[in-house]
Amino acid sequence: MIIACGVFLIAAGTLFAEQQRRPPAAPTPPVAKKITAIKAGKLIDPETGTTAVNQIILIEGEKIKEVGPNVQIPAGAQVIDLSKMTVLPGLVDAHTHMAMTYKEQPENNYYYLTYITDSSPLRAIQAAANGMQLLNSGFTVVRDVGNNALYADAALRQAIEQGWLPGPTVIPSGPMIGSTGGQLWPTPEMYKYHNIMYPEYIDANSPDEIQRAVRENMLFGAKTIKLCIDCKPWGYSVDDIKLAIREAAMGGCKVEGHVQTPEGAQRSIDAGIYIIAHGNALTPEHHRQMAQKGIFLTGTDTPFTDYRGSENSFKRTVAQLKDAYDKKVPLTYSTDFDYWNDRMKDEKTGEWLSRGELTINFLQTWKAAGIPAKDILYAMTINGYKASDIISERGPIKPGLYADIIAVPGDPLADIDALRNMQFVMKNGMVYKKDGVMQPAAFFHPGPVRIPSGRWPGRPPG
Ligand SMILES: [Zn+2]
């Protein structure tokens, strides 16, 4: 045995010496990145609400390289002719839930029951389908904030980053963090033994538990933190919220608070939260303070349709949105979409409305609030990127940023409903939709083509 080991060591030493004598291998030449040139008839800059004509957007691999009227198109570049279209950056739904859909049957729209009837894997697959439908309607970024079972949202983000399927850039929160009970009023059996439904919320009742819950979510892939501020009368104090904000910042995350009472809104504002979700409980004074402090609102402004809502609640929603706009609160486009029923059909064709079409239908509320098209577009893009905390890497059509680009035949600055007719969608420089037809094949890949960002430290994505 000793002899055998000795022989092995000598052999290994010889091999090592052999390797030392070999000349260093020539560096592998970098793989040439694909060049794509988009000819844009009109190009909207939502930041300024202006349009430039006859622009060329040059894309190298996943990122924008150059934009302007006289950009040279290199030989061999793929040219995409959108000269009859209006081109603009991709849209953002800043508050939705892709992995939960409560229904009239069998759960009577009671979302507690959806947690029991729909398994987590089923919900994750549904989230993947919802992501593709949202991308098809031009939504290239989605904040997915809770009610995602055990991290279906984070898994979807990874799957999309790894090239397994097309979808928007997902900003996942992981389970909502709340004081005992979360959004539910569970039975003692459910609460104490966590047999069913309890993955939906993390109970955090003390500073230690809040710290642990925030860290746990970031460990498992959250890119934003969602708190239930006042889901219970014993909700979070200003100090609790500040602690969550500090802890989240250590992992590069911002905090959104689910708010349903004026007191909860005030505590969130006093703590300096980044985003307040749901506009219903906010007073004009809250709006004033939010504008002053630059706190984003994900108002989740549900329209009144055949399939959802009532005239009275719609009037209240419109009045709240209008006041927030008038007070200059940083508004985002947000839906809180997490339901389905069999009335969700196109009036003219009788076809099912996709998740993307249902999402774009929220424009109805924004128009009813009398908000000009350019400001609606600003909320759907610039404020969406900022609330998602991604504006330095994706969103605006600028050199160095990821190419998330959409196009429609009409002019959204003149008529925001032009966004309903999405003809072209590009994500990370790859064409997902062209001439109004989805072409997802190029997105699917059997192995991880990209390392998910933030999961394996020290190994950057791309
Ligand atoms: Zn929500």
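Analyst: Start with helix α6, residues 207-219. Its 13 residues should span 18 Å at 1.5 Å a residue, and its end C-alpha atoms are 18 Å apart, which agrees. The expected span is 1.5 Å times one less than the number of residues. Helices (H or I, at least four residues) and strands (E, at least two) are DSSP runs, numbered from the N terminus. This is a predicted model: local features need pLDDT of at least 70, side-chain atom pairs 80 or more, while totals for chains, interfaces and linings use all residues. Residues are numbered from 1 along each chain as its sequence is written.

User: Which residues of α6 are buried?

Analyst: An α-helix has 3.6 residues a turn, so residues three or four places apart point the same way. In α6, Ile210, Ala213, Val214, Asn217 and Met218 are buried (20 or more other C-beta atoms within 10 Å of their own; exposed means 12 or fewer; C-beta atoms are placed from the backbone). They cover an arc of only 130 degrees around the axis, which puts them on the same side of α6. The arc uses directions from the helix axis to the C-beta atoms. Asp208 and Leu219, on the other side, are exposed.

User: In what order do the strands of the open sheet come?

Analyst: Strands pair through backbone hydrogen bonds, either parallel or antiparallel. Here eight strands form an open, mixed sheet: β3-β2-β1-β4-β16-β17-β18-β19. Pairing needs at least two DSSP bridges between two strands. β3 and β19 stand at the edges with a single partner strand each, so one side of each lacks a neighbour in the sheet.

User: How many bridges join β2 to β3?

Analyst: Five, and the two strands run antiparallel. Ile56 has Gly68 in β3 as its bridge partner.
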